[in-house]
Amino acid sequence: MKFRKSRIPQERELLHYQIQRTQLALETAYSNFDNVVDPELIDSFIYEVNAIQQRYQYLIQQIKELDNQLESSTIA
C-alpha cells in the first residue's frame, strides 16, 4: 500500500503540469482564433479550441479521480 500512496502524488504532479500546458495551449489557440481572417483557418482554430477544451476537461476529471483515491486511501 505504501507504493500506491507514493505513486498518487507523482501522478497528481504530472497531471497538474499537463493541465498547465493545456491551459497555455488553449490561450494560444484563442489568440490565434482572434487574429485570423481566413475562413478555413477560423474553422481550423475552432476545431483546435474544442479539442483542447476536451483534453482540459479530461485532465480535470483525472485529477479529481486521483484526489478521490488519495482521500479514500487516507481514510482507510
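1. The largest nonpolar core has 6 residues, namely Ile-8, Leu-15, Ile-19, Leu-59, Ile-63 and Leu-66, where a nonpolar core is a set of buried Ala, Val, Leu, Ile, Met, Phe, Trp, Tyr and Cys residues joined through side-chain atoms within 4.5 Å. Helix H1 (2–35) and helix H2 (39–75) are the elements that give two or more residues to this core; helices here are DSSP runs of H or I with at least four residues, strands are runs of E with at least two, and both are numbered from the N terminus.

2. This is a predicted model, in which local features need pLDDT of at least 70 and side-chain atom pairs count only at pLDDT 80 or more, whereas totals for chains, interfaces and linings use all residues. Residues are numbered from 1 along each chain as its sequence is written, and side-chain values use heavy atoms, with hydrogens and water left out.

3. For the chain as a whole, the secondary structure comes to 2 helices and 0 strands. Of the 76 residues, 18% are buried, buried meaning under 20% relative accessible area, exposed over 50%, and partly exposed in between, with a 1.4 Å probe and protein chains only. Among contacts (heavy atoms within 4.5 Å) with a separation of 6 or more, 69% are between residues 24 or more positions apart.

4. Leu-59, a member of the core, touches Leu-15, Gln-18, Ile-19 and Thr-22 when residues up to four places away in sequence are not counted. Thr-22 is placed in helix H1 and counts as buried, at 4% relative accessibility. With that same exclusion of residues up to four places away in sequence, Thr-22 touches Ile-52, Arg-55, Tyr-56 and Leu-59.

5. The structure holds 1 salt bridge, defined as a side-chain nitrogen of Lys or Arg within 4 Å of a carboxyl oxygen of Asp or Glu. Asp-67 forms a salt bridge with Arg-12, and the closest N and O atoms are 2.7 Å apart. Because Asp-67 lies in helix H2 and Arg-12 in helix H1, the pair ties together parts that are 55 residues apart in sequence. Asp-67 counts as partly exposed at 27% relative accessibility, and Arg-12 also counts as partly exposed, at 34%.

6. Phe-33 is placed in helix H1 and is partly exposed, with a relative accessible area of 30%. Not counting residues up to four places away in sequence, Phe-33 touches Ile-42, Phe-45 and Ile-46. The C-alpha atoms of Phe-33 and Val-49, which are 16 residues apart along the chain, are separated by 8.5 Å.
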